[in-house]
Amino acid sequence: MAKIVFEAVTKTFPAKGRRSKEEFTALDGIDLEIPAGEFVVVVGPSGCGKSTLLDLLGGLSRPTSGRILLDGEPVTGPGLDRGIVFQQYALLPWRTALGNVEFGLEATGVPRRQRSDRAREFLALVGLAGFEDRHPHELSGGMRQRVAIARSLAYDPDVLLMDEPFAALDAQTRESLQDELRRIWQRTGKTVVFITHGIEEAVYLGQKVAVMTSRPGRVKEVVPISFGEARTAGLQGEDLRSSPEFARYRHEIWTLLHDEVARAQQLEKEEAAV
Ligand SMILES: Nc1ncnc2c1ncn2[C@@H]1O[C@H](COP(=O)(O)OP(=O)(O)OP(=O)(O)O)[C@@H](O)[C@H]1O
């Protein structure tokens, strides 16, 4: 049984402020199955409904029609079985790094004395041992995002939902966090659904890359990514990115996206002209 199933999921919003008086369709008939432990990356043109899709899976909103199943049960709201990491760090500024990770554990009923140990363990997992007592303003952007990841992992959700978590970071920090995320994923076996605008990021991270159409969002194609021996031989970073297989996948996804981005831009122009 798949861990996550989208069955004919549609999401509409009231068309307020738009040309048509009808409903505005953000997602239209999404079908997607994600096995347990898989790392799936979703790419698509701006406004195609990627965040909407993740919000639905996170239980932050409900589908207009269709359903989303998690372990065979319909998603009806947020739950501790899913950890969410957004682009903005969403840390509590008055709490230390440790305090922020502990915060995630308070809701789960982990006894007070264990919270601190657990929070320290997960800060160490994301490379932040020694920074436990720093407040968010004393940490770099990459470190803050590491804290957010540690906070989501600490309460041990089965599924990690990530909405452009590295988009605001500089290239080097982004690449090192990509490596860390892959390492954590390999170690923990979580199911990861990761949204990005970046084709390279998608190819580097994903076991599968789901390419969406421009509005209304549908799944255009799911591309399995496999670097075979290169990965098992430990090839990563620039070595992997400069390999011929990487270039082939990048081109394949770029081609799939290209028409959709052009269509999305055309739509934006038409709307701006109204
Ligand atoms: N609460 C809402 N009410 C009305 N329209 C909404 C709402 N949320 C999203 N939308 C619209 O739905 C469409 C999809 O939005 P969404 O944020 O999911 O796209 P996205 O692919 O994540 O975009 P981006 O890549 O630019 O972040 C957009 O046109 C957006 O304006």
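Tutor: Let us begin with one pair of residues in a predicted model: F13 stands opposite F24 in β2.

Student: Over how many bridges do strand β1 and β2 pair, and in which sense?

Tutor: Strands of a sheet pair through backbone hydrogen bonds, either parallel or antiparallel. Here strand β1 (residues 4-13) and β2 are joined over seven bridges in the antiparallel sense.

Student: What is the order of the strands in the open sheet?

Tutor: The four strands of this open sheet follow the order β2-β1-β4-β5, and their pairing is antiparallel. At the edges are β2 (24-34) and β5 (73-74), each of which pairs on one side only.

Student: Which strands pair with β7?

Tutor: Strand β6 (residues 82-85) pairs with β7 in the parallel sense, over four bridges. Within this pairing, G83 has L160 in β7 as its bridge partner. β7 also pairs in the parallel sense with strand β8 (residues 191-195), over five bridges, and D163 stands opposite I195 in β8.

Student: What kind of unit do β7, α5 and β8 make?

Tutor: Together they form a β-α-β unit that is right-handed.

Student: How should I read the two faces of β7, and are they covered or open?

Tutor: In a regular strand the side chains alternate between the two faces of the sheet. In β7, V159, L161 and D163 lie on one side, L160 and M162 lie on the other, and all are buried. Thus both faces of β7 are covered, and five of the five residues in the strand (residues 159-163) are buried.

Student: Which residues surround the ligand?

Tutor: The residues around the ligand are F13, A26, G44, S46, G47, C48, G49, K50, S51 and T52. Helix α1 (residues 50-58) gives the largest share of this shell, three residues. By class, the shell has six polar, three nonpolar and one charged residues. F13, with which we began, stands opposite F24 in β2 and is also among the residues that surround the ligand.

Terms used:
Residues numbered from 1 in each chain as written. Predicted model: local features only at pLDDT ≥ 70, side-chain atom pairs only at ≥ 80, totals over all residues. Near = placed C-beta within 6 Å. Nonpolar A, V, L, I, M, F, W, Y, C, P; charged D, E, K, R; others polar. Pairing = 2+ DSSP bridges. Buried ≥ 20, exposed ≤ 12 C-beta atoms within 10 Å, placed from the backbone. Right-handed = clockwise from strand over helix to strand, strands pointing away.
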